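Dear colleague,

I am handing over the structure below, and I would be grateful if you could read it alongside the notes that follow.

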Amino acid sequence: MSRVRFMTLGLLSSLLLPPTVVAQQMMEDTTARKQALTTWGVQFEEFEYLYSDDDEELGVWNADIFYGTDELRFRWLTKGEYEIEEQAYESLENQLVAQTPISKFFDAKAGVRFDTPEGPDRTYAVLGLTGLAPQWFEVDASLYVSDEGDTSAEFDAEYELLLTNHLILSAALDATVAFSEDREIGLGKGLSSTETGLRLSYDLIDRAFSPYVGVVHERKYGDTADLAKAEGGSTEDWFAVVGARIAF
């Protein structure tokens, strides 16, 4: 009798409850394997030595240390240029940002940025987008507002062409636009600078260690170029590059 009663109740519930509710009850799983996976890692997109056509030598890094899930990730973005002969930082930038998806291919990010080179320090609020654009371009766009009230924007784009399963040619563009002038750090209003590069890498250990060689072109424009000339600096440089991409 109890078995008949159980089957009758099951039949009534399937008839009275909407199919979606029944399906949700059957599929509901709150075990740990259904929770968001927390990951962490360190990636050096650039760890390299540069030698310019003016005999300038630089040590350069561009790294991303991250922790979190696909829904919320915290990142420490650090990059800098160290003048080997002068033993001084030409640039030194650190960002602490939180990142979350806003679409299938793009994430929004927000946080703070600290610049602490040899010259005046600056602190910025950061707001931006990062992700994968059509045709497989990796893009990163950021808006900065400094503690001095100056606003600027930076746009990065990179494309990787797989020549073989291990040999990869990467093309990169980095452009900076200033909406106001900050003469103390040599930043003029308008398009201030671009950096373009080609790097040919070989994956020795999957994508964990990939040595590369390449060439980089840096140029300053407009008021920023004028400020650089006034300080005795160059407005355009070509660099030969040797380095490696590292991830762990």
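The largest nonpolar core has 7 residues, namely L50, L58, V60, Y212, V216, F239 and V241, where a nonpolar core is a set of buried Ala, Val, Leu, Ile, Met, Phe, Trp, Tyr and Cys residues joined through side-chain atoms within 4.5 Å. At least two residues of this core come from each of β2 (57-68), β11 (209-220) and β12, the strands (E, at least two residues) being DSSP runs numbered from the N terminus. Apart from this core lies another, of 5 residues, among them L77, V97, Y124 and V126. Buried here means under 20% relative accessible area, exposed over 50%, and partly exposed in between, with a 1.4 Å probe and protein chains only.

Please bear in mind that this is a predicted model, in which local features need pLDDT of at least 70 and side-chain atom pairs count only at pLDDT 80 or more, whereas totals for chains, interfaces and linings use all residues. Residues are numbered from 1 along each chain as its sequence is written, and side-chain values use heavy atoms, with hydrogens and water left out.

Y212, a member of the 7-residue core, touches, among others, E45, F47, R199, V241 and R245, not counting residues up to four places away in sequence; contact means heavy atoms within 4.5 Å.

Turning to charged pairs, the structure holds 15 salt bridges, each being a side-chain nitrogen of Lys or Arg within 4 Å of a carboxyl oxygen of Asp or Glu. R245 forms one with E45, their closest N and O atoms being 3.7 Å apart. Because R245 lies in strand β12 (residues 236-247) and E45 in strand β1 (residues 39-52), this pair ties together parts that are 200 residues apart in sequence. R245 is buried, at 11% relative accessible area, whereas E45 is partly exposed, at 33%.

R245 also forms a salt bridge with E158, with 3.1 Å between the closest N and O atoms. This second pair links distant parts of the chain, 87 residues apart, with E158 in strand β8 (residues 151-162) and R245 in strand β12. E158 is buried, with a relative accessible area of 18%, and E45, E158 and R245 are linked in a network of salt bridges.

A further salt bridge joins the side chains of E184 and R122 (2.9 Å, N to O). E184 lies in the loop between β9 (167-178) and β10 (190-202) and R122 in strand β6 (residues 122-133), so this pair ties together parts that are 62 residues apart in sequence. E184 is exposed, at 58% relative accessible area, while R122 is buried, at 5%.

With best wishes

Definitions and conventions
Helix = DSSP H or I, 4+ residues; strand = E, 2+ residues; numbered from the N terminus.
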